[in-house]
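Me: Please take a close look at one loop here. Then connect that spot to the rest of the structure.

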Amino acid sequence: MFRFAHLADCHLGAWRDAKLKELNLEAFNRALDLSVKEKVNFIIISGDLFHVNIPDLGLVKTVVEKFREIREKGIEIYMVYGSHDYSPNVVSIVDILSSAGLFKKVVQAEAIEDHIRLQFLCDDDTGAKIVGLSGRSGSLEKEYFEALDINSLQDEDGFKIFVFHSAVNELKPISTASMESVPLSYLPPGFNYYAGGHIHKRVWENVKGYGVIAYPGPLFGATFTDLEDTARGERRGFYVVDFDGELVKTSKFIEIMVSEVIYKELDGEGKTAKQVEKHLLDLTTKIDASGNIVLIRVRGTLSSGRVGDIDFTQVRDLLVEKGATYVFINRVALTTEAATSVTLPGESVEEIERRLLNEVVSSFKVDSTLPPRVQKVLKERLTEQKGTELARQLLSVLKAEPLQDEKKREFENRVLQETLKVLKLEELE
Amino acid sequence: MLMLRLTKYESAGRIVKMEVVGSIVRGKHGQIQIRQKSDADIELGDLLVVDQDDGGYSILQVYDLGYGSQISPKSLEMVSGMKVEGFAADLDFMDPTLRNYILAEVKAILNVKAGNARVPKTLPKFMRDVRHITESDLSFVTKPDNPMFLGNVRSGSKVLDVEAFLDGKKVFTHHVLIPATTGRGKSNLVKVMVWSILDNFNLGILILDPHDEYYGRHGKGLKDHPSSKQNLLYYTPKQFTGSFTPIFNLRLVKPWHFRGIVAFTDAQTEAMTVAQNNYHDDWLIAIAKGRDLPHVDPKTLAVLQRKIETTLGLYVDEDGNIQCRMQTFSDTIGESTLNDILNALESGKKVIIDTSMFTDQVELLVGSIVMHEILYRYRGFKQEGVLEEKPVVSIIVEEAPRVLSAEALTSGSNIYSDIAREGRKFQIGLTAITQLTSIIPRTVLANMNTKVILGNELAPEREAIINSAAQDLKEDDRAIASLDVGEAIVSSNFTKFAVPVQIPLFEDFIKRFNDTKPKVKIGFVG
């Protein structure tokens, strides 16, 4: 009998707050230590090891040391890119670590005209055959799934694992309904185990015609929404799967709980700013904050006063005094009557950006008086998911700041080149 | 000896000469008789034109043909007898073309002057020459907004180079009926219609496809449209790369989705309400697993459980998990399916659900789930005042009497009849395909404001169609009976007259959109 661990969505470096950053890293270290303790033959990480493609180098150093420790124990690590740690323009840290032999990227692809043939990697220890497709931002990996040479994958015999970083429509939970996803039919049938990443909820489903399709979800979480889900009972951790070389035999979910998360909601609808403040202060007395992450979401429309009149700092300080590891009061959904139109669900900056860009892109209409060929190109590039992705990439490039000692002209030229590259207009240079 | 007689009319500033095919000889409004010129060829359904002195013209349509003769019936019979009995094989009348002829019964359908077409209120001039219609006579036919292609305008069996479009947004909002018997080209018509609007984001269309024939899994179909990748979603339980699996989480199914689709007794309906009150979204799971329902007779619960299990194909396996024989319902996955379909429709996309593996009830239930929820969303949009920004959504249902017949409605309304009755207030339409129009109540038929009438040999069906048409078609019974495969008459509140069309064969139609791209080597990173 053989055994492997399946992790995903570690999102190392996701948090700005030092404590949350530390907890996230602790969850990662603990997952790898537990994998060793469980005597796994190999470890699969289904993308988004890091939260960005070039993370803080101090963090990278820690991860490298941990991976080296695992590798020295003879445990192989297999990985695909996720939507966060991949970049189409620059080398990702994942590439560097892979080149250094710390883990193996399982995406060995050969593009043959209009289709893609994937090559299996065989795990020396167990004979398991592993292959995968990386995730790309905005689910742009869809076109790779469409072009997959399914037959060559189906014809391979043995115990087969498909590693991927994409949400699957039929499997994604309702809370992630708006997430870009690929249909189940894009997955090559006939694998024994589909090691998924990207969905931040635990999914384990034995699907007819396929096999086990599993998403372990994040080890800690990368957004406040993730932490809220944790507080609501979503278990965080990873799967350990036993197989006999032919079939998945047993599995278990190993829970990682580095800190308890307490989540409270306060309905401020129709209350004055002072009343909300009082309710918040009352709430602090009832929360067992010691050693825990405390999340409070305040929503509703105030009857009088402004959101700024509420002394959130005092509430936060009180909870910290009571020993809270971290306090976050989400008040995005709290408005005054005068500003009810400015309501956004409390999500990460990236999620809000994407949502807003989606809205703008969806309202974009191609001028029907333009020549059909131009209309077609514009529709292909500026509408729907591709349009949103282009806008997001543009935004990312235009947010760049000058590097140290970089002259203004050099900076402008760099941004221009990056912009042209994103717009695929390099020939206009 | 035959003489070629020409009539003159003006087209685009030019005087055009056309062959005369007959002359108006008698009749009254709506029942005009034309004596056919002996060498002319007038068919049932032909569109003819009478030019007027003021530069305008009347368009007439032939609805019946008969013989006329100046000779008494006795004499005709005598001459005929002598010829067939071999007494005088070359015997004939003097000036036979003058004495024997064909009479065409026609009705005036439009008066056109300076590009404006109006319903005729006057008769064309007596004894006036009549000619065949030409493309330029229909220059007032323009392409509407949201054009949905139905075919080329047809005069009898002659296809004109004039394309017939309807405004899809208006037409779908006000419901469509496609009545025809088997083999007359219903699915070909639907494919042509949907193809022509596939990249129109003002029209969201849900097709329940009981024969899995629209997508084109095995041949040409909507999948071959250049925009299908972006604008067409195909749900099928069969493995097909790029398709979605129509699997619905049981928690998304509500008691009201069953209304008028599955017959429950009052006691069973109450039990369903109790289940929902106690188990909320898990109400169906609770019933399927036979959990206790307070104040519900155990016998009622047992019958209800069996009925739910039979209808949805559910059973509880040895591990206590719910399974579905058809794989259409699940208590673990399929949470986003409904949302994905609703979002697609709300974005003006087209969604095909292959229901060929479903039972009738499950097919209608799936449609009911989607349409209940889309109606719910659209009511919300109306309240918010943003409804007009949203695309029209229409559901295409085959064998519509399953939900629209008087019998189906005896136990109460269902979502399909609700949409037929009040859907247009919320920009939601129904496109009903049927072989049996006569069993659909007139109150429902009256709401179907566009009818694409294909051939139908059954007189009671034609009668039901004619009685509910947007235009007066009482003289068109024969024309409808004689419609060949692919021929149709479009009667709509949004056309100036009942337009005869020739629907192209889908495979030929799509050739003009041939968008074969050269194989491009895919660039791969990752």
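Reply:
**A loop residue and its setting**

B:M127 sits in a loop of chain B, between β7 (116-118) and β8 (129-132). This is a predicted model. The backbone at B:M127 stands out: its phi is positive, about 60°, and yet the residue is not a glycine.

Now the chain around that loop. Chain B has 16 helices and 23 strands. Along the principal axes, its C-alpha atoms fill a box of roughly 95 × 60 × 50 Å. The chain holds 526 residues, and 55% of them count as buried. Take the contacts in chain B with a separation of 6 or more: 70% of these join residues 24 or more positions apart.

One buried residue of chain B is B:C324. Its relative accessible area is 6%. That is under the 20% cut-off, so B:C324 counts as buried. In chain A, A:C10 has 1% relative accessibility and is therefore buried by that cut-off too. What is the disulfide count over all chains? It is 0.

Chain A also has a loop residue with positive phi. A:E113 lies between β5 (109-112) and β6 (115-118) of chain A. Its phi is about 50°, and it is not a glycine. Is A:E113 buried, partly exposed or exposed? Its relative accessibility is 48%, so it counts as partly exposed.

How far can chain A be trusted? Its mean pLDDT is 89, and 94% of its residues reach 70 or more.

Helix α10 covers residues 372-382 of chain A, and helix α11 covers residues 384-398. Their axes come within 5 Å and cross at roughly 65°. Angles of 65 to 115 degrees count as roughly perpendicular, so α10(A) and α11(A) fall in that class. Which residues meet? From α10(A) come A:E380, A:R381 and A:L382. From α11(A) come A:E384, A:K386, A:G387 and A:L390. By class, this contact has 4 charged, 2 nonpolar and 1 polar residues.

Back to the starting point. B:M127 is a loop residue between β7 and β8 of chain B, with a positive phi of about 60°. A:E113 is a loop residue between β5 and β6 of chain A, with a positive phi of about 50°.

Technical notes. Residues are numbered from 1 along each chain as its sequence is written. Chains are lettered from A and ligands numbered from 1 in the order in which they are written. This is a predicted model: local features need pLDDT of at least 70, side-chain atom pairs count only at pLDDT 80 or more; totals for chains, interfaces and linings use all residues. Side-chain values use heavy atoms; hydrogens and water are left out. Axes are lines fitted to C-alpha atoms, for helices over the stretch in contact, and angles run from 0 to 180 degrees between N-to-C directions. Helices (H or I, at least four residues) and strands (E, at least two) are DSSP runs, numbered from the N terminus. Angles under 35 degrees count as roughly parallel, over 145 as roughly antiparallel, 65 to 115 as roughly perpendicular and the rest as oblique. Contact means heavy atoms within 4.5 Å. Ala, Val, Leu, Ile, Met, Phe, Trp, Tyr, Cys and Pro count as nonpolar, Asp, Glu, Lys and Arg as charged, and the others, Gly among them, as polar. A disulfide is a pair of cysteine sulfur atoms within 2.5 Å. Buried means under 20% relative accessible area, exposed over 50%, partly exposed in between (1.4 Å probe, protein chains only). pLDDT is the predictor's confidence in each residue, from 0 to 100.
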